[in-house]
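Good morning, colleagues. I shall speak briefly about selected side chains and their charged pairs, and I ask you to keep the model in view.

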Amino acid sequence: MNHTPTVLFVCSGNYCRSPMAEALARLRLRQAGYDSHIPVRSAGTRDVYEGEPAAPLVLEVLHERGADGSDYRPHFITPGEIDQADLILGVAHEHLDWIKARYPQAAARTHLLASLIGEEWDIVDPGVQALDPLRECAATIDSVITAGLNELVKRVLNPSADSGPPRGS
């Protein structure tokens, strides 16, 4: 059975940062010709927005950047998503800690989003009530994904080149 390499972006409610990262990564991967090779997903560490429609201002900000999140619905992370993901990118340290505490088998493939550019910092939750903080957050996420796209592709398609051991599947 063939395995399709998958990236999972994680934030708290899966209502703002991780859906933006998912949509922007999908856009940048498509532009680089990798969209059919690397599926991207996102999920949250809390179920507070489970099943809600996507945040309207998040969709607006994504649209401004040329990305589409219109079919997105926030949801709580599942064990299947953890098992399927070759690379798990949390937007803040708290998300890495949450995953590593509940899914220790995924620790080696769990990293901060900023690690794609060789840095270790959190992307602050901008909330979903105002456009300017959302635009700033989207710009930060997009710049990390754009600058770190080659690293993302390398980690997913060649996990032995990553700092952690390859995913056992």
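E136 sits in helix α5, which spans residues 131-147; helices here are DSSP runs of H or I with at least four residues, strands are runs of E with at least two, and both are numbered from the N terminus. The model is a predicted one, in which local features need pLDDT of at least 70 and side-chain atom pairs count only at pLDDT 80 or more, while totals for chains, interfaces and linings use all residues. Residues are numbered from 1 along each chain as its sequence is written, and side-chain values use heavy atoms, with hydrogens and water left out.

With a relative accessibility of 59%, E136 counts as exposed; by the cut-offs used, buried is under 20% relative accessible area, exposed is over 50%, and partly exposed lies in between, with a 1.4 Å probe and protein chains only. V61 is 75 residues away from E136 along the chain, and their C-alpha atoms are separated by 9.6 Å.

Let me turn to H75. This residue is in the loop between α2 (56-64) and α3 (79-84), and H75 is buried at 19% relative accessible area. Leaving aside residues up to four places away in sequence, H75 touches N14, S42, A43, G44, E50 and E81, where contact means heavy atoms within 4.5 Å. For S42, the side chain of H75 reaches the backbone oxygen at 3.5 Å.

Next, the charged pairs. Side chains of opposite charge can pair when their charged atoms come close. How many salt bridges does a search of the whole structure find? The search finds 9, each being a side-chain nitrogen of Lys or Arg within 4 Å of a carboxyl oxygen of Asp or Glu.

One of them joins R17 and D125, with the closest N and O atoms 3.9 Å apart. Because R17 lies in helix α1 (residues 17-31) and D125 in the loop between β4 (110-112) and α5, this pair ties together parts 108 residues apart in sequence. R17 is buried at 4%, whereas D125 is partly exposed at 45%.

Within helix α1, R26 and E22 are 4 residues apart, so about one helical turn separates them. Their closest N and O atoms are 2.7 Å apart in a salt bridge. R26 is partly exposed at 32%, and E22 is buried at 8%.

D132 is exposed at 56%, and R135 is partly exposed at 33%.

Note on methods: A polar contact is a pair of N or O atoms within 3.5 Å; within protein, one must be able to donate a hydrogen and the other to accept it, and residues adjacent in sequence count only if both atoms are side-chain atoms.
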